[in-house]
Amino acid sequence: MLKKILIFPFIILVRFYQIAISPLFPPACRYTPTCSQYTLESLRKYGLFKGSWLAIKRILRCTPWGGSGYDPVP
């Protein structure tokens, strides 16, 4: 229960980004699922701290010189 309470504000922020901001820009994520979807899944699966760490690592890898393709939440 505490895990859900802690991650709720972050899920709202990511969902706001997906609905309001992301459609304004062309698709740029090199991975499947997208970085924002990956963030939601990692937060739900691992909680605030480990989920945020996985999301940050993923976003830092999402560069033209990084990888691409299917990269699910571990």
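The buried residues of helix α2 are Cys 35, Ser 36, Tyr 38, Thr 39, Leu 40, Ser 42 and Leu 43, where buried denotes under 20% relative accessible area, exposed over 50% and partly exposed in between (1.4 Å probe, protein chains only). The model is predicted, with local features requiring pLDDT of at least 70 and side-chain atom pairs counted only at pLDDT 80 or more, while totals for chains, interfaces and linings use all residues. Residues are numbered from 1 along each chain as its sequence is written, and side-chain values use heavy atoms, with hydrogens and water left out. Helices (H or I, at least four residues) and strands (E, at least two) are DSSP runs numbered from the N terminus.

- The twelve residues of α2 should span 16 Å at 1.5 Å a residue, and its end C-alpha atoms are 16 Å apart, which agrees; the expected span is 1.5 Å times one less than the number of residues.
- Cover for the buried residues of α2 includes α1 and α3, contact being defined as heavy atoms within 4.5 Å.
- Gly 47 follows α2 and has a positive phi, near 90°.
- Pro 33 lies in the loop between β1 and α2, and the peptide bond joining Thr 32 to Pro 33 is cis, with omega about -5°.
- Most residues other than glycine have a negative phi, and most peptide bonds are trans.

**Pairing of α1 and α2**

- The axes of α1 and α2 come within 10 Å and cross at roughly 170°; axes are lines fitted to C-alpha atoms, for helices over the stretch in contact, and angles run from 0 to 180 degrees between N-to-C directions.
- This crossing makes α1 roughly antiparallel to α2, a label for angles over 145 degrees.
- On the α1 side, residues making the contact include Lys 3, Phe 10 and Tyr 17; on the α2 side, they include Gln 37, Arg 44 and Tyr 46.

**Nonpolar core**

- The largest nonpolar core has six residues: Ile 7, Ile 11, Val 14, Leu 40, Leu 43 and Leu 48. Such a core is a set of buried Ala, Val, Leu, Ile, Met, Phe, Trp, Tyr and Cys residues joined through side-chain atoms within 4.5 Å.
- Helices α1 (2-21) and α2 (35-46) are the elements giving two or more residues to this core, and α1 supplies the largest share, three residues.
- Not counting residues up to four places away in sequence, Leu 40 touches Ile 11, Val 14, Arg 15 and Gln 18.

**Helix α3**

- Helix α3 (residues 48-61) has 14 residues and reaches 20 Å from its first C-alpha to its last, close to the 20 Å expected.
- Its buried residues are Leu 48, Gly 51, Leu 54, Ala 55 and Arg 58. Seen down the axis of α3, they fall within an arc of 140°, so they line one face of the helix; the arc is that of the directions from the helix axis to the C-beta atoms.
- The buried residues of α3 pack against α1, β1 (31-32) and α2.
- Phe 49, Trp 53 and Leu 60 are exposed on the face of α3 turned away from its buried side.

- Arg 61, in helix α3, is partly exposed, with a relative accessible area of 32%.
- Leaving aside neighbours within four places in sequence, Arg 61 is in contact with Tyr 31, Gly 66, Gly 67 and Asp 71.
- Cys 62 is found in the loop between α3 and β2 (69-70) and is partly exposed, with a relative accessible area of 22%.
- With neighbours within four places in sequence left aside, Cys 62 is in contact with Cys 29, Arg 30, Tyr 31 and Cys 35.

Terms used. Parallel < 35°, antiparallel > 145°, perpendicular 65-115°, else oblique.
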